[in-house]
Amino acid sequence: MSSHDDVVVTGLGATTPLGGDVASTWDALLAGRSGVRRLTDDWVQQFPAQLAATLATDPAEQIDRVRARRLDRSQQVAVIAAEEAWTASGAADAGVAPERIAVVFGTGIGGAMTLLGQDDVLEAKGPKRVSPFTIPMLMPNGPAAAVGLAVGARGGVHAPVSACASGAEAIRWGLDLLRLDRADVVLVGGAEAVVHPLPMAGFAAMRAMSTRNDEPERASRPFDKGRDGFVLGEGAAALVLERADSARARGATLHARLAGAGATADGYDLVAPHPEGEGAARAIGAALRDAGLSPADVGHVNAHATSTPVGDTAEASAIRSAVGEHTLVSATKSQTGHLLGAAGALESVFTVLALRDQVVPATANLDDPDDDAAVQALDIVRREPRKATLTAAVNDSFGFGGHNLALVFTTL
Amino acid sequence: MSEDIQAGLAEILEEVAGVTPADATPEKSFTEDLDVDSLSMVEIATAVEDKFGVAIPDDELGNIKTVGDAISYIQKNQG
C-alpha cells in the first residue's frame, strides 16, 4: 500500500437526469432507465441534434426562490448536490473549524445560461437593465463559491476547469489538500447546466452530438457500432472527503477509500483524443501507482465513454493496456447523458456505490459492440447490472484540451 | 399616497429579496434589518424605476438607508 494518509468518502450528493438525489439516481441507473429526452422548445426545431438529458427534478423544487434567483442554474445544482452530501456526511455536526473545511468544485463551461441570457437583456433593453448578479452568476468559480458559502467553508474554495474532466479534477485536488494537511474536510464535486441553444449549436457544429432524434433513449450508446455522438446532460454531484482516522473518530459512515489519482495531458490535439489513448493509459497507471495497487486488483472501470466514434475506442485501448481484459467496464453516460464538468463527480459517486453494493451497472444500448479490437476484448457489462466481488475500481474522465484523469476507489 | 408607495415597495422587496411584506415598514434599515445587500439594492432601484417612474442615481442610492428613505425619495421625485 502507499504511504499516504488514507482518504475516505463520507458523504454523497447528486441531482441528475435520473433523479433529484443519490438514492433515486442510483436506483434508476440500476433499473436501466434513461434520462434522455427529445427537447420540444421552439429553438431546437432547426437543430441537427435535438436531444438532452435534463434534470429529473426541477431545482425550483429543491431551492428557495430568492436564493435561486441569484444563482445560475449551474450554481443551483451544485448547491443542491453539495448540501445533500454535506448533510449525509454529518460533518456539519462534527465541530470541524470552518478554517479547516475546503471546497473544490469544477465546471466545464460555468454560467453560460446567465451569460447568454443577460446578453439577450443587453441587446434588447440596454446596459442599465443587465442584472447586478450577472458576474457572480457567470463566473466559472461560481458553483464552487456558492457551495463554499452554503457550508461555511473558510479553508479555501477552488474551481478546477478542465472541460469534461473538471469534476474528476476537483476530486483529485481534494485528495491532495487532505494529504498535504491543508484541510480536514473537503467537499468536492462538479456541476453543469448548459442546455441552451449556443452550447448545443457549438457541440453540434463539432459533429460531436448524437442526431438520433427519433430514439432519445437509444441515442447514447457508448462502445456500440451505431454510436453517433454524445447526448448533453445537466446536473451536479458531490462527495465529502476526509482522512480516515478523523472520520472514524467522529463515527462517520465510510463509503469507500479514495486511494489514488492520476492526471496527464495528451499533448496531441486540442479536442481529438490520442487514438490509442496513450495519455489516458498513463493517467490510469499513475493513479494505480499512487494507490499502491496493481492492474490485477481493479475489478471495475466506470469509463468516460461518451458515445463519440473516436473517444470510446481510444479509451477502450487505454483500459485494455493500463488495466487489462479482466475488469468489468461500465459506461453510465448511456443513461445519464454527458454532464460535462459534472460527469467525473457523478461517475465517481457511481463508482463508490458500485463498491458499496458490489454491483456493476450495465451499459445501456450496447447492442452491437464496435469491431475495434480493444472494445471486443473488454468485458463491458450490458443488459443487466452484474454482481461482482470488487475491492478496487477506477473512474476515468477526459476533457477537451487533452486532460486525462483517473481516480481509484477501494473498499475499506 | 405614501401607503401606496410603501405597498409597492413591499412588493418589490418580496420579489427581489424575499422580505415579508409586513416587515417592510418605514423605520426598517435595508441592510441591518431586512438583510438586503448592495447588489439587491441595485435591483430594487431598477424595479422602483419601472414601478414608480423614478430613477435613483447611484450617488442617491447610497443615501437611502431605510424603507422610509426610499418612500420619501420616491414621493419627492414622482410626477
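**Helix packing and contacts in a two-chain predicted model**

Helices α7(A) and α13(A) lie roughly perpendicular to each other, because an angle of 65 to 115 degrees counts as such and theirs is about 65°. The model is a predicted one, and in it the axes of α7(A) and α13(A) are 5 Å apart. On the α7(A) side, the contact is formed by Ser166(A), Gly167(A), Ala168(A), Ala170(A) and Ile171(A). Their partners on α13(A), which covers residues 343-357, are Ala343(A), Gly344(A), Ala345(A), Leu346(A) and Ser348(A). By class, the residues of this contact are 6 nonpolar and 4 polar, with no charged residue.

Across the boundary, 59 residues of domain 1 of chain A are in contact with 56 residues of domain 2 of chain A. Which elements supply two or more residues to the side of domain 1 of chain A that touches domain 2 of chain A? They are the strands β1 (7-15), β3 (51-53), β6 (185-192), β7 (232-233) and β8 (235-243), together with the helices α1 (22-30) and α7 (166-179), of chain A. The most comes from α7(A), with 8 residues. This side of domain 1 of chain A divides into 31 nonpolar, 18 polar and 10 charged residues.

From α3(A), the residues Ser74(A), Gln75(A), Ala78(A), Val79(A), Ala82(A), Glu83(A) and Trp86(A) take part. They meet Gly142(A), Pro143(A), Ala146(A), Val147(A), Ala150(A) and Val151(A) of α6(A). The contact of α3(A) with α6(A) comprises 9 nonpolar, 3 polar and 1 charged residue.

Turning to chain B, the axes of α1(B) (residues 2-17) and α4(B) come within 10 Å and cross at roughly 120°. Helices α1(B) and α4(B) are therefore oblique to each other, and the crossing of α1(B) past α4(B) is right-handed. Ser2(B), Ile5(B), Gln6(B) and Leu9(B) of α1(B) make this contact with Val67(B), Ala70(B), Ile71(B), Ile74(B) and Gln75(B) of α4(B). Of the contact residues, 6 are nonpolar and 3 polar, and no charged residue is included.

The mean pLDDT of chain B is 94, with 100% of its residues at 70 or more. Within chain B, confidence is highest in α4(B) (residues 67-77), at a mean of 96, and lowest in α3(B) (residues 58-61), at 93.

How many residues do the two chains bring into contact? Chain B has 6 residues in contact with 4 residues of chain A. Helix α2(B) (residues 38-52) gives the most to the side of chain B that touches chain A, namely 4 residues. That side of chain B divides into 3 nonpolar, 2 polar and 1 charged residue. For the complex, the predictor gives an ipTM of 0.90 and a pTM of 0.96.

Methods. Residues are numbered from 1 along each chain as its sequence is written. Chains are lettered from A and ligands numbered from 1 in the order in which they are written. This is a predicted model: local features need pLDDT of at least 70, side-chain atom pairs count only at pLDDT 80 or more; totals for chains, interfaces and linings use all residues. Two residues are in contact if their C-beta atoms, placed from the backbone, lie within 7 Å. Ala, Val, Leu, Ile, Met, Phe, Trp, Tyr, Cys and Pro count as nonpolar, Asp, Glu, Lys and Arg as charged, and the others, Gly among them, as polar. pLDDT is the predictor's confidence in each residue, from 0 to 100. Axes are lines fitted to C-alpha atoms, for helices over the stretch in contact, and angles run from 0 to 180 degrees between N-to-C directions. Angles under 35 degrees count as roughly parallel, over 145 as roughly antiparallel, 65 to 115 as roughly perpendicular and the rest as oblique. A crossing is left-handed if the near helix is turned anticlockwise from the far one by less than a right angle, and right-handed if clockwise.
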